[in-house]
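Please study the sequence and the structure before reading on.

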Amino acid sequence: MYALEMIKHSDASPEIIDKVIALKQKAWPYPLESQKKWIEENLSAEDIHVFLIADHEYAAYLNLIKIQVCVNDQIYDGYGIGNVCASIKGKGFGNKLVRLTNNYLVEINKPGLLFCHTPLIRFYTGCNWELLQSDKCVEPVLEEEIHAMTFNVPVEIKSLKYQGKLF
């Protein structure tokens, strides 16, 4: 059985931050202090830590970054998805986490945006995210190997502008 645990960053205890770091270190084995510094510098109070709970264990993690995105000159409040990682690769935990997070985005009627490297496109399209054609991503101008992907955008995207950190 799977469940999501969602914790606003401003409500995250030191123990929760330790769980975040433990999961992130499976994918990105940076030292503890480096991980803590990244969290302090890149997450704001309104951002959300999202855990996948599988059999009463923290199995996967991502964060939802509160953003505004401009689609076809209309501004939408939404969430950026970053740091998708799992305790064990190949068990489907990341896929389940993203799909349950998709359900949340639909439930609250917010669009999602993420940036990924080319090898991850297949994973995210398999989770019902749509690859944004590079000519439609007006801002930011992305490097060749970085791609924008969207979910739950209520209109056909002719142009997308996002000003903020890539997550």
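Q: In which sense do β4 and strand β5 (residues 112-117) pair?
A: In this predicted model, local features need pLDDT of at least 70 and side-chain atom pairs count only at pLDDT 80 or more, while totals for chains, interfaces and linings use all residues. Residues are numbered from 1 along each chain as its sequence is written, and side-chain values use heavy atoms, with hydrogens and water left out. Strands (E, at least two residues) and helices (H or I, at least four) are DSSP runs numbered from the N terminus, and two strands pair if DSSP finds at least two bridges between them. β4 and β5 are joined over two bridges, and the sense is parallel.

Q: Which residue of β5 is the bridge partner of Y79?
A: The pairing of β4 with β5 is parallel. Within β5, the partner of Y79 is G112.

Q: What handedness has the β-α-β unit made by β4, helix α3 (residues 93-107) and β5?
A: A crossover is right-handed if, with the strands pointing away from the viewer, the path from the first strand over the helix to the second runs clockwise. The unit of β4, α3 and β5 is right-handed.

Q: Which residue takes a positive phi near 50° in the hairpin of β2 and β3?
A: Strand β2 (residues 48-54) runs antiparallel to β3, to which seven bridges join it. I48 has L64 of β3 as its bridge partner. The hairpin has two residues between the strands, and the residue with this phi is D55.

Q: Why is β3 described as largely enclosed by the rest of the structure?
A: Buried means under 20% relative accessible area, exposed over 50%, and partly exposed in between (1.4 Å probe, protein chains only). β3 is largely enclosed because the number of its 15 residues that are buried is eleven.

Q: How many disulfides does a search of the whole structure find?
A: A disulfide is a pair of cysteine sulfur atoms within 2.5 Å. The sulfur of C116 has its closest cysteine sulfur in C127, at 11 Å, which is too far for a bond. C116 is buried, with a relative accessible area of 4%, and C127 is also buried, at 0%. The number of disulfides found is zero.

Q: Which element gives the most to the lining of the largest pocket?
A: On a 1 Å grid over the protein atoms alone, a pocket is an open set of points with protein on both sides within 12 Å along at least five of seven lines, a cavity is a set where a 1.4 Å probe fits but cannot get out, and lining residues have an atom within 4 Å of a point. The largest pocket has a volume of about 1100 Å³. Its lining has 40 residues, with W28, N83, V84, L120 and Y124 nearest the centre. With six residues, the element that gives the most is β4.

Q: What volume has the largest cavity?
A: The lining of the largest cavity consists of I67, V69, P111, G112, L113, T150, V153 and L160. β3 and β5 each supply at least two of the lining residues. A volume is the space filled by probe spheres set on the grid points, which are joined across faces, edges and corners. For the largest cavity the volume is about 40 Å³.
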